[in-house]
Amino acid sequence: MRAIVAAVQLPSVSDVEFDASLTELRQLAKTLGFEVVATFTQNRSGFDSAAYFGTGKREELRLLREQHSVGAILIDHEISPSQAFNLAEEVGGEVMDRTMVILEIFHRHASSRFARAQVEIARLGYMGPRLREAAKQAGPKDRARSGTGGRSGGESHGELDRRKIRDRIAELQTDLDAMILERKTQRSRRQERQGLARVALVGYTNAGKSTLMRALTGSEVLVANKLFATLDTTVRALQPETVPRVLVSDTVGFIKNLPHGLVASFKSTLDEALEASLLAHVVDASDPGFERQLAVTEEVLDEIGAKDVPRLLVFNKIDRGGDEAALRAKHPGCIVMSAKREGDVARLREAIVAFFQRELVETELFLPWSAQKLRGEIFESCQVLEERADGEGAFLRVRGDAAAVKRLRERLP
Ligand SMILES: Nc1nc2c(ncn2[C@@H]2O[C@H](COP(=O)(O)OP(=O)(O)OP(=O)(O)O)[C@@H](O)[C@H]2O)c(=O)[nH]1
Ligand SMILES: [Mg+2]
């Protein structure tokens, strides 16, 4: 379907910021399969309260739409239900605001039961007020038709829909809560078995998180040049395996003005990642708007309570452009790399492993001959640096996670 991307530029918004945001909306539109044939803007001191654009501009937009036989107008702001309704009435075609575009992408990309429930809750929350608006516009004739089809006396279609939406949200939330609990249990079991070394790949959508996940773990997660390709957190071990084992999680990407409903919904997906001891924040260094994307990601991380989790800043896609020297100077300790270069991926892997090895302790364990059954576990959870034996048993010089070493000690005689 053909679409026009449209926005009002407020005086407080710089040209650079405004253009970057429109470019992003065009990318979002492309992800949804729209063909964007024009971009339509107006400078204004505020949004028109009735229909977002001013009167004259609405007429211009209507003509432009007709000229290009456009089916959808995509607005780069979240607009009110009545603004959307009025604009569509006057200009024709379907009006979608930025929030709806993002919700629609999430809806199409959600494949697991978990992601589908989360997206559905956010979508219903968004649709509620819009249905109310449609019902209000439909007016009294809607009310007059009440009293049939299972509705109680005097309840309008709109009220019925609203009640259905509330019930459906409650139902989905119950399902979701059960899934969250189940995942928590699985997670803590996994952590008990495998120690606590976890790194989460986080960052703006399309930065290359899933590509790095593949490169670091050899897993076949989905990589796609579209926004919000990943909606579910995936967890895999770093390959080749290290001691202790490091688990890597791939997560849902962030975006400017992530709809609030989605922040709340995806918090549980991100919670999994937030239990990581290290966040590898992946940034697309070749994107002209990368500074803004970096800032937005940091803001969302703050918002969901991850402010204090240690960070490793990873500037990716340097093969496509970006100023390596400037990045290093501005962000000491960062990694500048391309996921396409094996050597670079190896450097990232080393930096991750080095982080977890800093948390390691070095000590000597005595393993009497009578306790040899613990031998396998020691080798699994620690790196054995040296081994000597005498008549009583073996002395093992080990390096391992402090908690894992403590657990082993408690079990040794
Ligand atoms: N040139 C180049 N392209 C890359 C690099 N890393 C990733 N890409 C490409 O960037 C696009 C997005 O990569 P993904 O790994 O799917 O990005 P993501 O961060 O997981 O995106 P979401 O799941 O949408 O949040 C794909 O087309 C990748 O092939 C890189 O270092 N260099
Ligand atoms: Mg991804």
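Trainee: What makes Glu-298 and Arg-311 a salt bridge?

Mentor: This is a predicted model. In it, the closest N and O atoms of Glu-298 and Arg-311 are 2.4 Å apart. The cut-off is 4 Å, so the pair qualifies.

Trainee: Where in the chain do the two partners sit?

Mentor: Glu-298 is in helix 10 (residues 290-303), and Arg-311 is in strand 9. They are 13 residues apart, and the pair links distant parts of the chain.

Trainee: Why is Glu-298 called partly exposed?

Mentor: Its relative accessible area is 23%. Buried means under 20% and exposed over 50%, so Glu-298 falls in between. Arg-311, at 28%, is also partly exposed.

Trainee: Which residues do salt bridges with shared partners join into one network?

Mentor: Glu-24, Asp-76, Arg-98 and Arg-292. The whole structure has 27 salt bridges.

Trainee: How do you know that Arg-58 and Glu-90 form one?

Mentor: Their side chains meet at 3.0 Å, N to O. That is within 4 Å, so the label holds. Arg-58 lies in helix 2 (residues 55-67) and Glu-90 in helix 3 (residues 81-91), 32 residues apart.

Trainee: Buried or exposed: what is Arg-58?

Mentor: Buried, because its relative accessible area is 9% and the limit is under 20%. Glu-90 has 37%, so Glu-90 counts as partly exposed.

Trainee: What makes Asp-284 and Lys-317 a salt bridge?

Mentor: The N to O distance is 3.4 Å. Again, that is within 4 Å, so the pair counts. Asp-284 is in strand 8 (residues 278-284). Lys-317 is in the loop between strand 9 (311-316) and helix 11 (324-330). The two are 33 residues apart.

Trainee: Why do Asp-284 and Lys-317 count as buried?

Mentor: Asp-284 has 7% relative accessibility. Lys-317 has 15%. Both values are under 20%, so both residues are buried.

Trainee: Which residues make the contact?

Mentor: Helix 8 gives Leu-212, Ala-215 and Leu-216. Helix 12 gives Val-345, Leu-348, Arg-349 and Ile-352.

Trainee: How do the residues of that contact divide?

Mentor: Into 6 nonpolar, no polar and 1 charged. Arg counts as charged, so Arg-349 is the charged one.

Notes
Residues are numbered from 1 along each chain as its sequence is written. Chains are lettered from A and ligands numbered from 1 in the order in which they are written. This is a predicted model: local features need pLDDT of at least 70, side-chain atom pairs count only at pLDDT 80 or more; totals for chains, interfaces and linings use all residues. Side-chain values use heavy atoms; hydrogens and water are left out. Helices (H or I, at least four residues) and strands (E, at least two) are DSSP runs, numbered from the N terminus. Buried means under 20% relative accessible area, exposed over 50%, partly exposed in between (1.4 Å probe, protein chains only). Contact means heavy atoms within 4.5 Å.
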